[in-house]
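This report is meant for a reader who is new to the structure shown below.

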Amino acid sequence: MILNNYISPPLVTVLMGVYNAATYLHESIDSILHQTFTDFEFLIYNDGSTDTTAEIVRSYTDPRIIFFDNPVNRSVSPNMNEGIDRARGRYIVRMDGDDIAHPERIARQLAYMEAHPEVGLCGSAVRYIGASKAIKLVPTDNGTIQYTMWLQNSFFQPAVIIRTQVLLDNNLRYNVAYECAEDYKLWADMCSVTEVHNLSEVLLDYRIHPHQISRRRSLAQRQVSARIQREQMERLNIRLEPAQTSAFELLTIGEPHTFTSNEYEQVATLLEDFGRQARQSAMPVHIVYQVLSQQWARILEATQQYRLALIPFVMRQPLRKHIASGRLLKLLTKCLISWQVKQPV
């Protein structure tokens, strides 16, 4: 362990977990050390890496770095919980060993948290790098996030800043029983005790590559995420009937899948029922329908086989009205092109 020379507690604790991250680790660590805001301690937990991760961390002499080199792989939650308990900062900034924080990231998020003491968790939009180059926007206001956490995770883990006292006062930590989606669980738990927010500006480059945990354990992550969504539905009194379970499971599909007509019907009916329940509650219906329509469009776009028969089916579904026109046109065009290609010459 490398100890730093701070006498008084820093304002911020940067908490990073790393596992076999040697390929991208220099770039990630440098992005934190080169922040415009400098009053932080930097806790790095090595989770039993078998590559040169430990040697890379030890090569740094910055006194803000505190390195915990675990000889065995314990997984994310135990390391990060230990980091939360050791943190001396008023705020905890999460970071991963393969992402890149923009120079103003901590300063921007810290300024927001200082100006909004009612907020306990704040993330930001991110830019994908690596296998994808897209900018990923996220819902920003507390109401939107609170009312849609049962449908989606609105936060990127390495892009958040947390008010430490909220965790301590409510005894909240990463839950080892929700491994693979432990961050989603923590954010969902925080939503029940504090206001939350996302900054609309891009403050982190989020790396997409085949070796990241979310890619290697995607099935387990989807299963745990579905469990969290069910819990959030109960919190908001959204009912899922036993007969709807199979349709709900289809919503967790992340890879291309050839849906049957019956499966499309099941998912469309389920989403419409969710919308009906939202209309009967105090939820902002337009917000819920926006997310429901995004999920419906994602299901349609996940198909491995665009078929002409999909067009009339899509057009008669009520959720069609809530899908962005450009996205809908692109989907229908693919169906037409696929049909034309298959026609005999």
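In the largest nonpolar core, which has 42 residues, the members that touch the most other members are Val 12, Val 14, Ile 29, Phe 42 and Ile 44. A nonpolar core here is a set of buried Ala, Val, Leu, Ile, Met, Phe, Trp, Tyr and Cys residues joined through side-chain atoms within 4.5 Å, and buried means under 20% relative accessible area, with exposed over 50% and partly exposed in between, using a 1.4 Å probe and protein chains only. When neighbours within four places in sequence are left aside, Ile 44 is in contact (heavy atoms within 4.5 Å) with Met 16, Val 18, Ile 29, Val 57, Ile 65, Ile 66, Phe 67 and Phe 68. A second, separate core of 30 residues includes Phe 68, Met 80, Val 166 and Ile 228.

The model is predicted, so local features need pLDDT of at least 70 and side-chain atom pairs count only at pLDDT 80 or more, whereas totals for chains, interfaces and linings use all residues. Residues are numbered from 1 along each chain as its sequence is written, and side-chain values use heavy atoms, with hydrogens and water left out.

The protein has 14 helices and nine strands, where helices (H or I, at least four residues) and strands (E, at least two) are DSSP runs numbered from the N terminus. Of its 345 residues, 53% are buried. Among contacts between residues at least 6 apart in sequence, 78% join residues at least 24 apart.

The axes of helix H7 (residues 182-191) and helix H9 (residues 218-235) come within 10 Å and cross at roughly 10°, the axes being lines fitted to C-alpha atoms, for helices over the stretch in contact, with angles that run from 0 to 180 degrees between N-to-C directions. That angle makes H7 roughly parallel to H9, since angles under 35 degrees count as roughly parallel, over 145 as roughly antiparallel, 65 to 115 as roughly perpendicular and the rest as oblique. On the H7 side, Tyr 184, Lys 185, Ala 188 and Cys 191 meet Ser 225, Ile 228, Gln 229, Glu 231, Gln 232 and Arg 235 of H9. Nine of the 10 residues of H7 are buried, so this helix is largely enclosed by the rest of the structure; among these buried residues are Leu 186, Trp 187 and Met 190.

Relative accessible areas for several individual residues are set out here.

| Residue | Relative accessible area | Class |
|---|---|---|
| Cys 122 | 0% | buried |
| Cys 180 | 11% | buried |
| Asn 81 | 14% | buried |
| Asn 237 | 62% | exposed |

Cys 180 is found in the loop between helix H6 (164-169) and H7, and its phi is near 90°, a positive value in a residue other than glycine. Asn 237 lies in the loop between H9 and helix H10 (245-250), and its phi, near 60°, is likewise positive in a residue other than glycine. Asn 81 belongs to helix H3 (residues 76-86) and, leaving aside neighbours within four places in sequence, is in contact with Arg 173 and Tyr 174. The structure holds zero disulfides, a disulfide being a pair of cysteine sulfur atoms within 2.5 Å.
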